[in-house]
Amino acid sequence: MATILVTGGAGYVGSHAVRELGRQGLHPLTFDNLSEGHREAVLSGKFVQGDLADETALDQVFASHSIDAVMHYASRCYVGESMEDPQLYYEQNLGNLLALLGCMRRHQVRKLVFSSSCAVYGDPTRIPIDEEHPLDPVNPYGETKYFIERMLRHYDRAYGMRFVSLRYFNACGASLDGRIGESHQPETHLIPRILQVARQEEGQLPIYGDDYPTPDGTCIRDYIHVLDLASAHLAAYKWLSEGNPSQVLNLGTGDGYSVRQVIDGAARITGRKIPSQVFPRRAGDPPQLVCAAGKVRRLLGWAPRHSSLEIILETAWKWECGRRY
Ligand code: UFG
């Protein structure tokens, strides 16, 4: 049975995909250096601890398994960190991908599902953001995703490597049973931080700016449940397996929620008070990021099933209250 290599399969988004692959009767093989990921999060298939920079180890994995496709999640993913240490991002995100693509070529693996980001668009000039929106990333993190998408087009043209690049909007939520979920160190994302305040692990939530040109002055984002991201990866794999051409697709719901709306939703779901305080804007935050979600629905027949704000907050809360890692 063919194996799907999942780089970063012990990370937040990757681990949900690994579990879903197993549930669908597919064979995931997680390759993760555990720098950010968690061994306990890998609930299906084989696990190999390894670094993408170690080409010998990677080659060995390809040589000893019949790998049909790669889902590439392993990536550094903090906008702020990428501004402070761009080299880390170019080195790891671009360098590691080059190594991976080299291995894929040597072993004739020609299907790749790639985790891209809405950060490729930079500050949007129109909302909702469709895939034709100009690409103008404003930080090294977004630039690495942008460069990779460009590289992939050339690998497709020259080597016949087919890819689906999925541009995530804001990943959030946790598994329905609360077994796996988001665990970053340090945590910078809005929803886990709100829930940590609800659990009184933090005193109050900083709201980074309430003077944006939005109805309540706080930033608007398109929140997409991590289980929906996982099912989109499976649909993308199926698309490639059926011999279809490479694609670049937004992954979001098309609905936007402001920071205040998310805080109010969390107060409702948790029944707790969420004290907050307004701080100055965080550098690099666009006022609004909401996607046009039609292309992925049309092409892959995929639709989000778990991305209502209620389900997102309920699952994230369940995870926060019983955290295993
Ligand atoms: N926010 C707060 N307080 C917090 C944390 C966040 O007010 O304590 C605000 C942010 O300013 C932003 C919104 O909540 O307006 C969402 O912030 P997140 O950090 O949760 O997510 P981002 O939109 O900044 O980042 C996401 C992904 C990145 C991706 C980026 C693209 O996490 O990987 O979108 O812009 F690059």
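L34 lies in the loop between β2 (27–32) and β3 (46–49); helices (H or I, at least four residues) and strands (E, at least two) are DSSP runs, numbered from the N terminus. The model is a predicted one, in which local features need pLDDT of at least 70 and side-chain atom pairs count only at pLDDT 80 or more, while totals for chains, interfaces and linings use all residues. Residues are numbered from 1 along each chain as its sequence is written, and side-chain values use heavy atoms, with hydrogens and water left out.

Most residues other than glycine have a negative phi, and most peptide bonds are trans. L34 is not a glycine, yet its phi is positive, at about 60 degrees. With 25% relative accessibility, L34 counts as partly exposed, a class between buried (under 20% relative accessible area) and exposed (over 50%), taken with a 1.4 Å probe and protein chains only. Q108, also not a glycine, has a positive phi of about 55 degrees. Its place is in the loop between α4 (86–106) and β5, and at 54% relative accessibility Q108 counts as exposed.

Two cis peptide bonds can be followed next. One runs from I127 to P128, with omega near 0 degrees, and P128 sits in the loop between β5 (111–117) and α5 (140–159). Another joins Q185 and P186, with omega about 0 degrees; P186 is in the loop between β7 (170–172) and α6.

Helix α7 (residues 226–241) has 16 residues and reaches 23 Å from its first C-alpha to its last, close to the expected 22 Å, which is 1.5 Å times one less than the number of residues. Of the 16 residues in α7, 13 are buried. After α7 comes G243, with a positive phi near 85 degrees.

The ligand lies between domain 1 (3–170 + 225–251) and domain 2 (190–221 + 254–321), because both give residues to the shell around it; the domain bounds come from an automatic or database domain assignment. Of the 22 residues around the ligand, L190, P206, R221, R282 and D285 come nearest, where near means a heavy atom within 4 Å. β8 (205–208) and α6 (190–198) each supply at least two residues of the shell, and β8 gives the most, with four.

Polar contacts are pairs of N or O atoms within 3.5 Å. A polar side-chain atom of R221 lies 2.7 Å from an oxygen atom of the ligand, and one of H189 lies 2.8 Å from a ligand oxygen atom.

How values were computed:
Polar contact = N/O pair within 3.5 Å; in protein donor to acceptor, adjacent residues only side chain to side chain.
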